[in-house]
Amino acid sequence: MVLLPSSNRKIYAECHERNEKVSLKGKNAVVVGGTGGIGLAIAARLASLGANIVIVGRNEGVAASIAPQPGATKTFIRCDVSLQANIRLSAAEIQAVPSIASSGIDCLVLVCGKTMNERVLTSEGRETFMAITFWARMLFTQILLPEVAKGDGVVMNVHGGGQDAKDMKPIDVNDFDLKNISFSFLNAARFSRIATDGMFQEFAARNAVSNVRFIHAFPGMVKTAGYNDCPLTIRSVIYILGPLMWTASASESADVMVDVMLKPRPTEGSTFEVWNNLGKEGAAAGWVRTDPNASKSVYDAAAKIANF
Ligand SMILES: NC(=O)c1ccc[n+]([C@@H]2O[C@H](COP(=O)([O-])OP(=O)(O)OC[C@H]3O[C@@H](n4cnc5c(N)ncnc54)[C@H](OP(=O)(O)O)[C@@H]3O)[C@@H](O)[C@H]2O)c1
């Protein structure tokens, strides 16, 4: 159950209505993390509007539930995005999808996430939460940027844009594997959100002439299976307060995120945009920008590690 102020409901309904009027026929959308939670709802929404959809994830059975519109295509690309070697292979598969090879990617949606309560390393030696929520977003974006620039030029991160901007403390860019923080889901998420803000702000600065909108959005508290892996204390709070806490269902959140993706480009050239769960742009929501020097240091340190 989701109890919501009627003003929120009105906003979701307006986003839904605006989206209903749009045809994405002939557009190419890629959703990384599109087989569960908010990602599944976004993939389904984009497909329902007529887009050719590429779903990147681990669960082909779930992807099978998404129905493309007549004349549109659907492609499932199996990828465990915690491993950078897999991402490089999958990105090449995405580039080879015929509609993308001919007309690029109109929207690249990065919505992969995983609740981690302890520090676990991947077989490549990266901390797993950061591998899924930060490195996967960064690498897919870096590799697929030419295709995105050829299409309508939207890169949408659904994660936690602007959440930390008001009391921003720079993160330690020598600690992407979270050795030196006191590891908890909340601390890891904070580190990853700040790194993602910095990374994509710097992507926009570096690709100023490419007309790409680099978006980092916060979806609000959306009831998804992701919360099932939270520690017992957090799950207990959610069990008791859940109906009051959820700000949207996954499909309502997807309508807001799709509405944001379809907004007109704010200016010529690349932009970094932070949006909240009610479809409010960062500045309007009172958020401040990451210090450009901090963004640059996140990008430089990460690019060195990822070797690009
Ligand atoms: N829900 C919220 O209230 C909320 C609030 C703030 C921010 N967010 C952020 O929004 C994003 C999506 O959240 P959500 O609630 O939709 O999460 P979710 O229900 O846990 O879904 C996460 C998605 O990521 C995929 N994924 C996880 N590990 C993967 C891996 N190794 N390889 C490939 N795909 C993988 C999952 O696929 P599988 O089905 O294969 O696991 C699923 O499609 C996350 O970044 C989260 O931090 C969510």
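Predicted model: local features only at pLDDT ≥ 70, side-chain atom pairs only at ≥ 80, totals over all residues.
**Exercise 1. Find the surroundings of Lys25.**

Step 1. Lys25 belongs to the loop between H1 and strand E1 (28–32).

Step 2. Inside 10 Å, Lys25 has 13 C-beta neighbours, so Lys25 counts as partly exposed.

Step 3. Look beyond residues up to four places away in sequence. There Lys25 touches Gly50 and Ala72.

Step 4. Take the pair Lys25 and Gly50. They are 25 residues apart in sequence. C-alpha to C-alpha, they are 4.6 Å apart in space.

**Exercise 2. Describe how H1 packs on H9.**

Step 1. Two packed helices are described by the angle between their axes and the distance between the axes.

Step 2. Here H1 spans residues 6–20 and H9 spans residues 250–261. They pack at about 60°, and their axes are 8 Å apart. H1 is therefore oblique to H9.

Step 3. H1 passes H9 in a left-handed crossing.

Step 4. List the contact residues. H1 contributes Tyr12, Cys15, His16, Arg18 and Asn19. On the H9 side are Glu252, Asp255, Val256, Val258 and Asp259.

**Exercise 3. Work out the geometry of H6, its bend and its burial.**

Step 1. Start with the span. H6 (residues 128–150) has 23 residues. From first C-alpha to last, H6 reaches 32 Å, close to the 33 Å expected at 1.5 Å a residue.

Step 2. Check the axis. H6 bends by about 65° at Leu144. A proline, Pro146, follows within four residues.

Step 3. Check the cover. In H6, 17 of the 23 residues are buried, and the helix is mostly covered.

**Exercise 4. Treat H8 likewise: span, bend, cover.**

Step 1. H8 covers residues 232–245, 14 residues in total. Its end C-alpha atoms are only 17 Å apart. A straight helix would reach 20 Å at 1.5 Å a residue, and H8 falls short of that.

Step 2. The bend in H8 is about 55° and lies at Tyr239. Pro243, a proline, follows within four residues.

Step 3. H8 is hardly covered. The count of buried residues among its 14 residues is zero.

Step 4. Turn to the loop between strand E6 (213–217) and H8, where Lys223 lies. Lys223 has 19 C-beta neighbours inside 10 Å and therefore counts as partly exposed. Buried would require 20 or more.

Step 5. Lys223 and Gly242 are 19 residues apart along the chain, with C-alpha atoms separated by 8.5 Å.

**Exercise 5. Compare the two packing partners of H7, namely H6 and H10.**

Step 1. Take H6 and H7. Their axes come within 9 Å and cross at roughly 10°. The two helices are therefore roughly parallel to each other.

Step 2. Name the contacts. Phe129, Met130, Thr133, Phe134, Arg137, Met138 and Thr141 come from H6. They meet Ala188, Ser192, Ala195, Thr196, Met199 and Phe203 in H7.

Step 3. Take H7 (residues 185–206) and H10 (residues 292–306). Their axes come within 8 Å and cross at roughly 95°. H7 is therefore roughly perpendicular to H10.

Step 4. The H7 residues that meet H10 include Ala195, Gly198 and Met199. Among the H10 residues they meet are Pro292, Lys296 and Tyr299.

Key: Residues numbered from 1 in each chain as written. Expected span 1.5 Å × (residues − 1). Bend = angle between axes of the 7 residues up to and from the residue. Buried ≥ 20, exposed ≤ 12 C-beta atoms within 10 Å, placed from the backbone. Axes fitted to C-alpha atoms, helices over the stretch in contact; angles between N-to-C directions. Parallel < 35°, antiparallel > 145°, perpendicular 65-115°, else oblique. Left-handed = near helix turned anticlockwise from the far one by under 90°. Contact = placed C-beta atoms within 7 Å.
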